[in-house]
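Trainee: I'm new to this one. Could we go through it together, a question at a time?

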Amino acid sequence: MRTTAAGLTAAALIGLLAGCSATTEDVSSPDVTISVPSEASSAIASASGEADAALDAATEAAEGAGDRLAGLAAAVQPELAADAEQLQQRAEEVCADIEQGTDEATVTSNTQQLFSGGDVGQLTEQQAQELVDAIRSTVCP
């Protein structure tokens, strides 16, 4: 019964699709072969290509933002840019503070604590504010 229902469904689908266009391409699976209008196949390929291009553009934009952040962070304190991955992760934490509506003084204080230590040493409040401004302009949406 299941096989018959699947066969009837496939046959109905083939009938519907056959009326759409005279030009078709076969799409096969182990159980069923369905003819798909070539326009649909082209549309799928086009959409896939557009999605790939959008992903590439987003990746390049993210890398560009990371490079800009590293440059701005290095201008505040060169050691801040030494570990790009850590800089990005911490910058995202600062963005989360900003997006939650945390007041500016607290965002600056949290940033100062988050980025101080190790090779960076202790950031001043002014350096922390400059870093917040850099993060806001490059990483936060």
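Predicted model: local features only at pLDDT ≥ 70, side-chain atom pairs only at ≥ 80, totals over all residues.

Trainee: Where is Ser116 placed?

Mentor: Helices here are DSSP runs of H or I with at least four residues, numbered from the N terminus. Ser116 sits in the loop between helix 4 (104-115) and helix 5 (125-138).

Trainee: Is Ser116 buried or exposed?

Mentor: Buried means under 20% relative accessible area, exposed over 50%, and partly exposed in between, using a 1.4 Å probe and protein chains only. Ser116 has a relative accessible area of 17%, so Ser116 is buried.

Trainee: Which residues of the largest nonpolar core touch the most other members?

Mentor: A nonpolar core is a set of buried Ala, Val, Leu, Ile, Met, Phe, Trp, Tyr and Cys residues joined through side-chain atoms within 4.5 Å. In this core of 18 residues, the ones touching the most other members are Leu80, Phe115, Leu131 and Ile135. The elements giving two or more residues to this core are helix 2 (38-76), helix 3 (84-99), helix 4 and helix 5.

Trainee: How do helix 3 and helix 5 lie relative to each other, roughly?

Mentor: Axes are lines fitted to C-alpha atoms, for helices over the stretch in contact, and angles run from 0 to 180 degrees between N-to-C directions. The two axes are 10 Å apart, at an angle of about 85°. Angles under 35 degrees count as roughly parallel, over 145 as roughly antiparallel, 65 to 115 as roughly perpendicular and the rest as oblique. Helix 3 and helix 5 are therefore roughly perpendicular.

Trainee: How many charged residues has the contact of helix 4 with helix 5?

Mentor: Their axes come within 8 Å and cross at roughly 100°. Asp, Glu, Lys and Arg count as charged, Ala, Val, Leu, Ile, Met, Phe, Trp, Tyr, Cys and Pro as nonpolar, and the others, Gly among them, as polar. By class, this contact (heavy atoms within 4.5 Å) has 6 nonpolar and 4 polar residues, and the charged ones number 3.

Key
Residues numbered from 1 in each chain as written. Heavy atoms only, no water.
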